[in-house]
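Subject: Structure handover

Hello,

The structure is below, followed by notes on what was found in it. Please read the notes alongside the coordinates.

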Amino acid sequence: MNLKKTLKIVGGSVGGIILILFVILVVHIATAKSVELDNNTLQISRMDFNKPLDSLERKQILSDLKSIPGVKKEHLNMETGVLVYYHDNTIISAKEVWEQMVAKRNYSVAQYVVSAEAASKQVCPVGNSDSFSYKFSRGVQCLFN
């Protein structure tokens with residue numbers, strides 16, 4: 001008898017926790033607002049460095065990138081060597097930024113070009129529109145919006 005009572009309490013507790021976490025997830029998805037940028041000419045681009053970078057190289061790269069007119073914000077992952085930056089495409093293109101970076105210090109960097117398949121997708125190229133999490137999030141957003 002005591003075992004059945006204990007199992008009921010544990011089962012109820014686990015079920016309650018799962019229910020609470022599910023409600024929190026739904027509320028979070030429903031209340032999350034998408035980021036709205038005032039500037040519709042802002043573009044995100046990427047460069048790939050061929051080797052991991054140290055902190056001195058990171059400072060130099062970010063300094064060189066910030067000195068280019070039209071570059072707004074940047075992030076450099078030192079372990080993978082991936083540089084992601086925002087730039088105003090009416091002032092400078094991604095190719096021009098890459099050319100100026102290579103001309104400044106002869107960096108060993110490749111300009112990232114999105115494949116035609118990824119560019120034709122209607123969602124983020126990283127996301128999978130057939131996945132359960134994508135469909136669930138879209139369903140919750142449609143329900144509350």
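In helix 1, residues F22, L25, V26, I29 and A30 meet F136, S137, V140, Q141 and F144 of helix 5, where contact means heavy atoms within 4.5 Å. Eight residues of this contact are nonpolar, two are polar and none is charged (Ala, Val, Leu, Ile, Met, Phe, Trp, Tyr, Cys and Pro count as nonpolar, Asp, Glu, Lys and Arg as charged, the others, Gly among them, as polar).

This is a predicted model: local features need pLDDT of at least 70, side-chain atom pairs count only at pLDDT 80 or more, and totals for chains, interfaces and linings use all residues. Residues are numbered from 1 along each chain as its sequence is written, and side-chain values use heavy atoms, with hydrogens and water left out.

The axes of helix 1 (residues 2-31) and helix 5 (residues 132-144) come within 9 Å and cross at roughly 65°. The two helices are therefore roughly perpendicular (65 to 115 degrees). Their crossing is right-handed.

Strand 3 (residues 82-88) has five of its seven residues buried, so the rest of the structure largely encloses it (buried means under 20% relative accessible area, with a 1.4 Å probe and protein chains only). Strand 3 pairs antiparallel with strand 1 (residues 42-49) over seven bridges, and M47 stands opposite L83. Strand 2 (residues 71-77) also runs antiparallel to strand 3, joined by six bridges; K73 has Y86 as its bridge partner. Pairing requires at least two DSSP bridges between two strands. Strands 2 and 3 form a hairpin with four residues between them, and G81 in the turn has a positive phi of about 75°.

Regards

Note on methods:
Axes fitted to C-alpha atoms, helices over the stretch in contact; angles between N-to-C directions. Parallel < 35°, antiparallel > 145°, perpendicular 65-115°, else oblique. Left-handed = near helix turned anticlockwise from the far one by under 90°. Buried < 20%, exposed > 50% of the residue type's maximum accessible area, 1.4 Å probe, protein only.
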